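The sequence and structure come first.

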Amino acid sequence: MTNFKYFDAFPAVRMRRLRAQPWIRDLVQETRVSVTDLIWPLFIIEGTGVREDIPSMPGVQRLSIDLAVDAAREARDLGIRAIALFPVTPAHKKTEDGREAGNSENLICRAVYAMKKNVPEVGIITDVALDPYTTHGHDGLLRDGVILNDETVEVLCRQALVQTQAGADVIAPSDMMDGRVGAIRAGLDRAGFSNTIILSYAAKYASAFYGPFRDAVQSKGCLTGDKKTYQMNPGNGTEALREVALDLSEGADMVMVKPGLPYLDIVRDVKQTFGVPTFAYHVSGEYAMLRAAAANGWLDYPSALMETLACFKRAGADGILTYAAIDAARLLAGK
Ligand code: PBG
């Protein structure tokens with residue numbers, strides 16, 4: 001790092017020289033956001049031609065598969081390289097054991113198949129966790145008030161396999177069970193999918209910022225209790241490095257920190273410690289805050305958004321999952 005010995009340097013040193021004009025500001029800019037840094041999460045619902053607003057996420061809609069394919073085409077044309085899919089499972093398909101997760105004909109598998117058929121250039125990332133499929137809204141199997149680890153991991157392996165068979169390029173376990181990355185890797189390898197990428201939600205915190213997401217996938221009403229026995233305590237930083245180390249040793253190709261903006265210290269530590277592809281999730285609550293402030297005229301959405309994304313890059317993130325990806329892509333393209 002730079003050795004600062006400039007205490008009495010003024011007037012010889014004037015920091016404002018390099019800020020005086022746009023051209024010099026651009027020339028000395030240290031990091032920048034590119035459209036290729038963005039991953040766009042989409043919520044998928046059953047039906048055809050269906051588009052539903054999500055009140056707590058203004059500007060985001062649940063889309064049926066056909067409309068999601070159209071959205072993916074637009075994203076591709078703007079230069080977005082990857083999309084993450086999340087299913088809104090109909091209530092009658094939710095069960096105590098979330099068995100719909102392992103159904104090879106489920107909504108997410110059909111969505112993946114349609115995406116890879118129609119927009120093959122876009123990388124497709126799928127979430128591995130049981131919360132969209134369980135009546136209790138937890139990411140794992142629940143027995144007597146306890147989330148079962150090893151039993152859950154078995155179900156997650158099946159979930160990851162059907163998603164991969166449907167064509168998913170990247171499997172993203174977001175469940176925070178112990179040992180799931182290694183088990184999923186071994187399961188995929190055994191089935192002949194040794195080239196499928198694993199992006200682990202390695203440092204995922206038990207956060208209040210996921211509220212609007214749970215509205216979007218309609219798991220909020222279901223959730224009994226909280227997720228603190230598997231998601232991380234927001235007060236912990238060094239524990240995140242242990243989580244990342246474990247996931248990498250189990251075979252994760254890329255890791256994620258979640259939420260994003262309040263956890264940029266973790267993003268930086270992970271990137272500096274491991275030097276692996278590190279992603280940050282600008283989660284639903286962070287997106288909702290920006291939109292809510294903008295709707296009140298308290299913030300300018302385009303500039304607050306682009307500043308937010310720039311800060312992720314500055315902290316060391318290689319890429320950002322954000323519901324605003326399409327907005328950012330349009331802004332970057334000058335549209
Ligand atoms: C599912 C999952 C969640 C999010 C991504 N995958 C919710 C949760 O863990 O409760 C949250 C994303 C967001 O808030 O944008 N395990």
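A search of the whole structure finds 2 cavities of 30 Å³ or more. A cavity is a set of points, on a 1 Å grid over the protein atoms alone, where a 1.4 Å probe fits but cannot get out, and lining residues have an atom within 4 Å of a point. The model is predicted: local features need pLDDT of at least 70, side-chain atom pairs count only at pLDDT 80 or more, and totals for chains, interfaces and linings use all residues. Residues are numbered from 1 along each chain as its sequence is written, and side-chain values use heavy atoms, without hydrogens and water.

**Cavities**
- The largest cavity holds about 150 Å³ of space, a volume being the space filled by probe spheres set on the points, which are joined across faces, edges and corners.
- Its lining has 16 residues, and Asp131, Lys204, Tyr210, Phe213 and Lys258 lie nearest the centre.
- The second largest cavity has about 40 Å³ of space; among its lining residues are Glu46, Lys93, Arg110 and Tyr133.

- Leaving aside neighbours within four places in sequence, leucine 42 is in contact (heavy atoms within 4.5 Å) with residues including Ala68, Ile83, Phe86 and Met115.

**Serine 64**
- Not counting residues up to four places away in sequence, serine 64 touches Ile45, Glu46, Gly47, Thr48, Gly49 and Val50.

Methods: On a 1 Å grid over the protein atoms alone, a cavity is a set of points where a 1.4 Å probe fits but cannot get out, and a pocket is an open set with protein on both sides within 12 Å along at least five of seven lines; lining residues have an atom within 4 Å of a point.
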